[in-house]
Amino acid sequence: MPIDGVLRKYDWTLSRGYLSPDGYNKSGIFVNGQFPGPTIEANWGDWIEVTVHNNIIGDDAEGTAIHWHGLTQRNTQEFDGVPSITQCPIAPGATFTYRFQADLYGTTFWHSHYSAQWTAGVHGAFIIHGPKHVPYDEDLGPILVGDYYHKDYFTVLEAAASDSPDFDVYVPSSDNSLINGKANYNCSMASDNATCHSNAGLAKFRFRQGKSHRLRLINGGAAALVHFSIDNHRLQVIAHDMTPLVPYEVDYVTLGAGQRTDVVVQAVGASDSAYWMRSTISMNCSAARTQQGMGIVLYDSAPEEALPQSERSPAATAADEKSFLCQNVRYKTPSPDPLRLTTPLISTPPASIPSTTITVNVTLATNDTGHHVWLLNNVTQWANYNRPLLGLASAENYTGLLDPVWNVYDLGSNKTIRIVMNTDYQSAHPMHLHGHQFAVLSEGLGPFNGSIDPAMLANPPRRDVHMMPRYGHLVIQFEADNPGAWSYHCHIAWHSAMGYTVNILERPDEIRGGRIADALKHTCSAWDAYTQQHVVDQIDSGI
Ligand code: C2O
């Protein structure tokens with residue numbers, strides 16, 4: 001990582017408001033009034049300082065905390081932004097400044113990690129420029145895709161946890177599918193009489209004929225697995241999450257919630273042409289009332305209001321049929337390639353025998369109050385906002401202080417960690433690890449049988465979110481090179497809300513010291529004071 005001494009400052013205020021990104025007027029929580037939130041842009045090695053003012057006050061006050069998805073936060077663990085793990089929530093009316101380094105490069109996003117608050121609008125793109133390993137002419141910037149809900153997030157959460165009929169594979173159905181915060185909505189589908197107009201407009205992108213264009217795809221949605229494609233164009237994949245890859249071509253890219261893929265697209269059309277860009281929600285793997293998110297690619301001389309004539313490519317239809325297990329394979333017609341063919345540009349072969357292995361068996365259950373909960377080795381994680389794990393672990397003798405419902409796995413000084421996750425249940429899960437990029441060693445139908453295909457040990461895919469297939473398993477491995485308290489959780493907002501989180505304590509002996517304690521004191525004294533006066537309506541796991 002280059003050391004350039006540059007500091008980039010951002011000043012954000014979170015407040016409630018009403019916006020109609022797809023024509024349907026709904027309440028949300030926005031950063032500086034914007035949806036999606038502001039894009040952070042930096043160079044690899046820059047320092048970034050974001051001052052967050054929590055103006056979610058009044059009758060519907062809420063805490064908040066902002067997470068910088070995919071960054072490792074090496075030596076700045078206290079700024080990872082997970083309430084109950086690395087900080088107390090920022091209290092209503094309070095301010096907190098995050099300060100961390102752009103320690104990886106590529107495409108990512110930031111989002112609130114307080115309950116499912118990010119789905120209310122508190123998320124945005126995060127671009128870190130670094131070395132190019134594939135040439136291209138134009139950078140079209142971030143393209144946020146994903147599902148979108150019209151009800152306010154708290155109402156959706158209540159439905160997610162309960163036995164509501166508005167339910168499919170234990171996620172509530174989304175209302176729309178957005179590209180860069182835009183979509184048209186068929187207002188006759190609205191279930192209430194909110195203000196709605198049907199031609200909000202689509203996101204548009206300009207291609208220059210004969211040139212190559214980099215697109216930075218980010219699934220910033222709440223839950224859905226999406227297939228991204230552009231009619232009549234092939235996509236050259238150059239990075240997953242923030243791992244540069246040996247480039248390969250596909251017809252469409254699959255992104256689970258929280259995943260990113262960088263692609264280079266050759267502009268092969270005529271200079272006055274227009275094509276549909278599609279973000280198609282997989283109906284096998286998600287629950288949605290609107291499947292198709294649309295955007296428009298306009299070539300050089302195509303007028304701004306040109307409408308594409310292209311038809312949905314057969315490839316996009318095939319994607320749905322082939323994603324039965326909801327995996328991250330390489331989608332090429334006529335048949336997808338196995339995962340092991342996806343290789344990082346820089347090979348870092350994982351240890352064939354880890355120092356320790358954690359096995360987590362996952363299932364869904366209904367608790368004594370009739371609410372759905374995920375059980376991870378029989379524990380459904382629940383956060384205590386007043387007692388962040390990192391703060392406890394940075395003090396001596398913390399072991400007796402860990403509550404079993406925090407679902408903490410203390411890895412001590414182990415060097416290489418393998419996590420085996422099995423599920424016998426019908427839903428797939430985009431699994432995200434904080435503080436690391438992990439190697440994917442095994443995935444597939446059925447529980448892990450204990451043996452790793454030697455081909456996966458040579459140069460396996462590395463990323464920070466990977467799909468665990470339904471009725472299947474996912475085995476990941478990482479080096480314990482980053483002391484801290486890190487969550488490993490399903491990135492479906494409604495699933496982490498229902499307790500789908502394991503918390504890793506990595507080399508706790510090395511996270512002592514005043515710096516961490518000082519940062520935690522800042523958020524915790526304001527939060528403790530707030531919670532002495534107010535009851536926090538925590539209906540979910542909290543993260
Ligand atoms: Cu993108 Cu724990 O999150």
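**Entry 1: Cys-88 and its partner.** I looked up Cys-88 and found that this residue is buried, with a relative accessible area of 0%. The model is a predicted one, and I read each value with that in mind. Cys-88 is joined by a disulfide to Cys-524, with an S to S distance of 2.0 Å. I noted 95° about the S-S bond of Cys-88 and Cys-524, a right-handed link. The pair connects distant parts of the chain, 436 residues apart. Cys-88 sits in the loop between strand 5 (66-68) and strand 6 (95-101), whereas Cys-524 belongs to helix 5 (residues 514-533). I then checked the accessibility of Cys-524: at 11% it counts as buried, because the cut-off is under 20%.

**Entry 2: Cys-187 and Cys-196.** I found a disulfide between Cys-187 and Cys-196, with the sulfur atoms 1.9 Å apart. The torsion about their S-S bond is about -80°, so I recorded this disulfide as left-handed. Are the two residues buried or partly exposed? Cys-187 has a relative accessible area of 17% and is buried; Cys-196, with 23%, is partly exposed.

**Entry 3: Cys-285 and Cys-326.** I found Cys-285 joined to Cys-326 by a disulfide, S to S 2.1 Å. This link is left-handed, with -95° about the S-S bond. I located Cys-285 in the loop between strand 18 (274-281) and strand 19 (292-299). I noted both Cys-285 and Cys-326 as buried.

**Entry 4: Cys-490.** A disulfide here requires sulfur atoms within 2.5 Å. I also looked up the accessibility of Cys-490, and at 0% this residue counts as buried.

**Entry 5: The overall pattern.** How many disulfides does a search of the whole structure find? I recorded three. Counting the bonded cysteines along the chain, I wrote down the pattern as 1-6, 2-3, 4-5.

Notes
Residues numbered from 1 in each chain as written. Predicted model: local features only at pLDDT ≥ 70, side-chain atom pairs only at ≥ 80, totals over all residues. Heavy atoms only, no water. Helix = DSSP H or I, 4+ residues; strand = E, 2+ residues; numbered from the N terminus. Buried < 20%, exposed > 50% of the residue type's maximum accessible area, 1.4 Å probe, protein only.
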